[in-house]
Amino acid sequence: MITGAVVDSWPKVRGADAKLYNNATQVVLLRDGTRTVLSMQNNYQGPPDKFAMVVPVPVVLQKENVKTLARAVFDRIDQLSAPLVRIEAQFAVGEYDIVILGADDSSALDTWLRQNGYRIPDGAEPVFRPYVQTGSKFFVAKVDPEKVKFDAKGMATLSPLRFHYDTETFALPVRLGLLNSKGTQDLIVHVIAKKQRYEAANYPNLTIPTNIELNESALGAFGSFYVALFDQTVAKKPGAVVTEYAWTAGSCDPCPGPTLDTGDLATLGGDTLVSPKDTDRGPGDPPATGMSPWEATITRLHVRYTKDSLGEDLVFRAAPPITDGNGWSNGPDKHAATPGAPGGQNMFQGRYIVRHPWKGDVTCTDPIYGRWGDNPKKPSAARDLAFAPREGITLSALVAEDVKSIGLQGSPPNIDRNVRVPWTAYLRTSTAAIGFGLAAGLGLLGFLLSRMRRTT
């Protein structure tokens with residue numbers, strides 16, 4: 001019987017002072033009975049003169065035992081026996097050329113991608129390996145540069161991609177993203193589910209501190225305040241996944257932007273939850289979706305990680321309802337989430353309040369203070385929080401009260417308490433809340449401004 005095998009590298013002998021390096025060797029062993037035929041192909045880097053190759057052999061070889069071969073035969077056997085990468089599907093969507101790959105070997109997948117013009121980072125093969133071993137397919141989206149627009153800073157925002165599948169495990173593969181990391185990355189995940197909040201199943205969970213009084217200086221640096229608050233929160237439990245929002249998609253309070261409607265939910269995947277007959281609708285009919293805005297719960301999860309801190313993909317599990325961040329707190333800690341009623345509605349968000357001392361004259365003879373108007377200004381959104389500067393921020397200087405759960409000591413404003421009217425009477429508020437709205441940007445921090453109403 002004739003068998004073949006491929007083995008690895010052979011030593012080389014070089015002439016004096018020459019520097020030769022063997023990068024790769026292919027060997028074919030043909031065996032029949034006691035007869036062995038060894039064929040080898042080498043490449044090397046360095047000067048060709050005074051070069052010799054040494055291979056141990058069991059007998060004295062004669063000239064008729066040795067010959068050179070055409071390189072093509074090695075190309076054919078390499079192509080024939082290489083680990084398989086299968087193109088399962090191929091199509092174009094928007095600015096993307098999509099290929100769905102199946103692979104039996106992570107090295108082969110790495111090689112195939114490089115040989116087919118996909119620029120992937122060094123060190124990708126070990127990250128591919130566990131996915132290949134579990135039988136995962138690979139969704140490869142190559143961007144067509146002719147269809148992409150860049151801004152003045154050279155940054156391009158690509159069209160969102162959506163795809164759906166059925167699987168028992170609810171997980172998000174994130175390890176491949178570490179290959180492109182320059183250090184620390186922020187990942188924000190929004191989970192939309194019917195009357196259900198979700199949290200991480202394989203990492204610690206925290207909720208962002210809420211209902212925090214801020215100093216006026218925080219208004220001009222709200223993005224930096226928030227990322228500093230987030231950093232100090234996760235410092236108490238490194239590697240934690242932070243819940244920043246859990247609320248029905250049909251409402252919010254305060255609201256930094258429009259709530260989600262049936263069309264939004266259909267766009268985000270609700271149309272895949274309906275039967276084919278439900279999608280057969282006429283002109284003017286609302287879009288088909290298997291979930292109404294009042295049934296849908298939005299959970300916003302935020303994790304900040306490095307290559308060393310995230311060793312597993314994110315796996316999610318159903319979690320009980322939570323509330324707070326609304327201006328009223330029923331729990332022992334006004335800055336913490338309060339457990340909701342079993343089967344109840346989630347109503348939790350990060351909410352931050354700035355109180356402004358009244359700087360005008362008080363001319364009323366018998367004023368009544370502390371009454372607030374019901375006509376807040378439309379909030380604006382604080383965008384791109386992943387790029388908010390973290391340098392030069394002193395969190396304690398921006399916060400007007402202590403937040404014991406994260407060991408934060410605030411700096412109450414220096415107010416003259418000897419004025420004719422107590423400081424707490426001369427207030428208007430600015431509320432910043434993590435909210436959800438498509439017009440303002442889904443899942444962005446926004447400011448809600450409300451003014452004091454003074455009654456005489």
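The chain has six helices and 24 strands, where helices (H or I, at least four residues) and strands (E, at least two) are DSSP runs, numbered from the N terminus. This is a predicted model, so local features need pLDDT of at least 70 and side-chain atom pairs count only at pLDDT 80 or more, while totals for chains, interfaces and linings use all residues. Residues are numbered from 1 along each chain as its sequence is written, and side-chain values use heavy atoms, with hydrogens and water left out.

Of the 456 residues, 37% count as buried; buried means under 20% relative accessible area, exposed over 50%, and partly exposed in between (1.4 Å probe, protein chains only). The chain exposes about 27400 Å², and carbon and sulfur atoms supply 53% of that area. Accessible areas come from the Shrake-Rupley method with a 1.4 Å probe, and for residues only the protein chains shown count as cover. As for contacts (heavy atoms within 4.5 Å), take those between residues at least 6 apart in sequence: 72% of them join residues at least 24 apart.

Now for helix α3, which covers residues 124-133. Its buried residues are Ala124, Glu125, Val127, Phe128, Tyr131 and Val132. Looking down the axis of α3, these fall within an arc of 155 degrees, so they line one face of the helix; the arc is that of the directions from the helix axis to the C-beta atoms. The buried residues of α3 pack against β6 (96-103), α2 (106-115) and β7 (138-143). After α3 comes Gly135, with a positive phi near 80 degrees. Over in helix α2 sits Ser107, which is partly exposed, with a relative accessible area of 36%. Ser107 and Ala124 are 17 residues apart in sequence, and their C-alpha atoms are 9.1 Å apart in space.

Next, a sheet. Three strands make an open sheet in the order β8-β15-β10, with antiparallel pairing; two strands pair if DSSP finds at least two bridges between them. β8 (171-172) and β10 (197-200) are the edge strands, each pairing on one side only. Four bridges join β10 to β15 (residues 314-319) in the antiparallel sense, and Tyr198 stands opposite Ala318 in β15.

Finally, the surface. Phe91, Val93, Phe139, Leu161, Phe163 and Tyr165 form a nonpolar patch there, with about 570 Å² of accessible area together. Patches are made of residues with over 30% relative accessible area and no salt bridge, with like charges joined within 9 Å and nonpolar side chains (Val, Leu, Ile, Met, Phe, Trp, Tyr) within 5 Å. A salt bridge is a side-chain nitrogen of Lys or Arg within 4 Å of a carboxyl oxygen of Asp or Glu. Val93 belongs to strand β5 (residues 85-93) and is partly exposed, at 39% relative accessible area.
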